[in-house]
Amino acid sequence: MITLVRAEWLKLRTVVGNIVLLALSVALPIGFSILIPLILRKDQLGDVTRNDLFSLALSGLSIAQALVGVIGVQLITQEFRFTLRPTFSAEPRRQRVMAAKAITITVVGLTIGAIAVPTGLLIGGSLLACAAAKALSEAEAEERFASYQQRNSTLVARAEAWSREAELR
């Protein structure tokens, strides 16, 4: 099964269209996280709640999800033209081939999410918090900045703990 997953990974990363879609699925959510705070007017940010900041910072994530879906479709259908017979000759059990494809696209999707979500939250959330703080009174801005700084430090601490756990494995 590992060799099938490696073969699917090789097929995924050797097609130029897949590489472009992978790059776009990482870059677009981060780009939207940067672009949205720059587009919004200050009067629209006066009464923004934490949930609004969260959803605005991750507004490009649905585009990344759609692109990962397109990559999955391409991974499954791109070999029906030329390489389907050699693939099923090498592994006649079709369920294993399809499972390897599913494992590959799941790992790719999770990796893209692991990159795009924290980066979008940190960059977009910081920009949105700064823009919202400019629209608020100074006392409200200090209070919101303190709570945002506390949430960011918690997020960074969790990320560091997760990376330490990953290194121990």
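**Helix packing in a predicted model**

In this predicted model, α2 and α4 are roughly antiparallel to each other.

Colleague: At what angle do the axes of helix α2 and α4 cross?

Modeller: Two packed helices are described by the angle between their axes and the distance between the axes. The axes of helix α2 (residues 16–39) and α4 come within 8 Å. Angles over 145 degrees count as roughly antiparallel, and the two helices are therefore roughly antiparallel, the crossing angle being roughly 170°.

Colleague: Within what arc do the buried residues of α4 fall, seen down its axis?

Modeller: The buried residues in α4 are Ala64, Leu67, Val68, Ile71, Gly72 and Leu75. Seen down the axis of α4, they line one face of the helix, because they fall within an arc of 150°.

Colleague: How far apart are the end C-alpha atoms of helix α4?

Modeller: Helix α4 (residues 61–77) has 17 residues, which at 1.5 Å a residue should span 24 Å. The model agrees with that expectation, since its end C-alpha atoms are apart by 24 Å.

Colleague: Is arginine 6 buried or exposed?

Modeller: Arginine 6 lies in helix α1 (residues 2–14). Its relative accessible area is 59%, and because a residue over 50% counts as exposed, arginine 6 is exposed.

Definitions and conventions:
Residues numbered from 1 in each chain as written. Predicted model: local features only at pLDDT ≥ 70, side-chain atom pairs only at ≥ 80, totals over all residues. Heavy atoms only, no water. Helix = DSSP H or I, 4+ residues; strand = E, 2+ residues; numbered from the N terminus. Buried < 20%, exposed > 50% of the residue type's maximum accessible area, 1.4 Å probe, protein only. Expected span 1.5 Å × (residues − 1). Arc of directions from axis to C-beta. Axes fitted to C-alpha atoms, helices over the stretch in contact; angles between N-to-C directions. Parallel < 35°, antiparallel > 145°, perpendicular 65-115°, else oblique.
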